[in-house]
There are 2 protein chains.
Amino acid sequence: MRLIADNLRITQKAIETAVADKDALPLQTMAKRCQMAGANGIDINSGPLYRDPESRMAFMVEAVQEVTQLPLILDTSNPKALKAGLLACKTPATLNGLSLEPSKLEHILPLAVAHHAELVCYLLYPNGHVPPDSTERLNVAVSLYQKCLEAGVEPDRMIIDPVVVPLSWQNGLFQAREVLTVITTLPELLGFPVRTIAGLSNLTAGARDPIKKGLAELTYLPMLAAAGLSMILMNVLNAGSVRVARTCRLFSQESIFSWEMVG
Amino acid sequence: MRLIADNLRITQKAIETAVADKDALPLQTMAKRCQMAGANGIDINSGPLYRDPESRMAFMVEAVQEVTQLPLILDTSNPKALKAGLLACKTPATLNGLSLEPSKLEHILPLAVAHHAELVCYLLYPNGHVPPDSTERLNVAVSLYQKCLEAGVEPDRMIIDPVVVPLSWQNGLFQAREVLTVITTLPELLGFPVRTIAGLSNLTAGARDPIKKGLAELTYLPMLAAAGLSMILMNVLNAGSVRVARTCRLFSQESIFSWEMVG
């Protein structure tokens with residue numbers, strides 16, 4: 001399980017200001033902190049970037065690339081920003097992401113094909129709503145898989161996001177269990193070692209109590225790992241979560257284990 | 001997932017002395033602390049009880065029953081002690097436990113039948129050794145299941161322990177993963193909702209660093225829960241572990257969930 005930093009997000013005021021001012025330092029400081037903390041990749045969440053999408057995404061990518069060689073995930077619904085980000089990326093980038101929403105199929109899928117990019121695929125209905133259970137998510141996965149194949153995206157460039165929803169939703173806990181089922185079922189269903197990604201902080205979105213948030217996340221994280229999750233999108237500056245994620249990784253990988261590696 | 005306290009064990013000096021002196025207070029204090037901490041059952045680990053097995057186990061059971069009505073698990077390899085414990089128990093007790101070891105089959109299986117007791121069944125080879133992987137454990141499970149059926153133990157009175165081994169073993173990490181596979185596979189293999197139990201502290205037996213021990217246990221616990229474990233045998237006086245175990249329970253049960261219940 002690879003750790004993807006979700007820390008570089010435009011919803012953080014300091015990042016928003018830095019992007020508007022084209023001030024690289026705050027982005028670079030954050031990127032370096034994420035790398036130091038053990039991130040295996042960085043999600044650049046620029047938001048929709050209604051103004052100057054191309055120059056702003058290119059700026060973000062270039063700023064981050066000056067201080068780290070970690071793989072980047074370009075996280076925006078704006079196809080213009082995605083394209084600019086792809087062009088600015090020195091290393092193969094991942095687009096975040098595709099879904100069955102018509103606008104995404106129309107604009108993002110061709111981008112992935114043209115740039116041979118990896119592609120996060122969300123298990124959402126064509127209207128953007130979250131399916132109610134694992135069966136419906138798996139149906140969506142089959143449709144998305146077919147769309148990708150038809151367009152020319154090889155299966156090993158797909159990274160499926162089963163969509164973690166907040167526990168505070170009326171059926172949030174059920175959904176959390178269904179997500180685990182989806183992760184374990186996908187490889188058998190699609191017939192190849194499907195890679196998966198999940199956003200851990202979604203689980204406690206909207207919740208205020210930091211102790212409860214931490215407890216819920218630290219409990220769910222090993223469940224995701226045991227289900228076979230490939231990539232966890234998380235706050236890598238939370239040292240406790242990172243320690244658990246790294247321990248999860250020891251449990252879930254086939255490589256040599258040493259007790260010394262725990263911690 | 002039910003929390004079974006492993007705290008009442010003769011290897012603790014205070015408990016050993018209390019049993020030798022027939023001093024009920026230390027046992028009762030511990031039992032009450034376990035109940036307060038959220039235990040759903042108490043494992044009475046008396047050790048082999050070479051001296052006075054009957055009177056000592058009866059004393060332990062009676063002492064504990066005076067202060068709590070929690071279900072008791074009688075944990076000793078000594079059939080005389082098990083029988084005395086069963087006779088002293090006011091509520092249905094669980095025997096801990098059976099394996100394919102000939103002496104266990106000869107002495108403990110008939111006891112379970114005669115007293116209609118529940119029975120922890122260890123997935124060990126007839127020589128008491130730990131099987132190397134999940135396939136071998138599942139083979140043992142089938143053999144044990146047949147032995148129980150032949151003897152007259154109904155499937156719903158079996159509680160299978162897949163045997164967690166220390167991570168410090170050369171293949172400890174592999175074994176930890178195999179145990180998860182066993183827990184998820186058993187219901188399908190045996191064709192009924194098999195109950196399972198696992199000893200969490202076994203995972204870090206022999207390890208000294210308390211931070212690493214805690215991290216390994218807190219990471220593995222949700223994996224066990226997500227695999228469908230029915231009962232976790234653990235130190236219920238470790239408040240951090242209990243908080244995670246209770247959160248696991250929220251994630252793994254079908255009942256109504258409220259964010260307020262986290263914590």
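Author: Two strands are said to pair if DSSP finds at least two bridges between them. The model discussed here is predicted.

Reader: Which residue in S7(B) stands opposite B:Ile160?

Author: Strand S6 (residues 158–161) of chain B and strand S7 (residues 195–199) of chain B run parallel and are joined by two bridges. Pairing requires at least two bridges, so these strands count as a pair. In S7(B), the residue that stands opposite B:Ile160 is B:Thr196.

Reader: How many strands form the closed barrel of chain B?

Author: The barrel of chain B runs S1-S2-S3-S4-S5-S6-S7-S8, with parallel pairing. From one strand to the next, the twist averages 25°. The number of strands in this closed barrel is eight.

Reader: What angle does the direction of H6(B) make with that of S6(B)?

Author: Helix H6 of chain B comprises residues 134–151. H6(B) packs on the sheet, where it touches strand S4 (94–98), strand S5 (118–122) and S6 of chain B. With the direction of S6(B), that of H6(B) makes an angle of about 155°.

Reader: How many charged residues does the contact of H6(B) with H7(B) have?

Author: H6(B) contributes B:Ser134, B:Arg137, B:Leu138, B:Ala141 and B:Tyr145, while the residues of H7(B) in the contact include B:Glu178 and B:Thr181. By class, the contact of H6(B) with H7(B) has seven nonpolar and three polar residues, and the number of charged residues is two.

Reader: How are H7(B) and H8(B) oriented to each other?

Author: Helix H7 (residues 172–190) of chain B packs against helix H8 (residues 210–227) of chain B at about 25°, with the axes 8 Å apart. The crossing of H7(B) and H8(B) is right-handed. Since angles under 35 degrees count as roughly parallel, the orientation of H7(B) to H8(B) is therefore roughly parallel.

Reader: How many nonpolar residues does the contact of H7(B) with H8(B) have?

Author: From H7(B) come B:Ala176, B:Leu180, B:Ile183 and B:Thr184, which meet B:Tyr220, B:Met223, B:Leu224 and B:Ala227 of H8(B). One residue of this contact is polar and none is charged. The number of nonpolar residues is seven.

Reader: Which helix gives the most to the side of chain A that touches chain B?

Author: In the interface, 28 residues of chain A are in contact with 28 residues of chain B. Helices H7 (172–190), H8 (210–227) and H9 (239–252) of chain A are the elements that give two or more residues to this side. The side has 21 nonpolar, four polar and three charged residues. With 11 residues, the helix that gives the most is H8(A).

Technical notes. Residues numbered from 1 in each chain as written. Chains lettered and ligands numbered in written order. Predicted model: local features only at pLDDT ≥ 70, side-chain atom pairs only at ≥ 80, totals over all residues. Axes fitted to C-alpha atoms, helices over the stretch in contact; angles between N-to-C directions. Helix = DSSP H or I, 4+ residues; strand = E, 2+ residues; numbered from the N terminus. Parallel < 35°, antiparallel > 145°, perpendicular 65-115°, else oblique. Left-handed = near helix turned anticlockwise from the far one by under 90°. Contact = placed C-beta atoms within 7 Å. Nonpolar A, V, L, I, M, F, W, Y, C, P; charged D, E, K, R; others polar.
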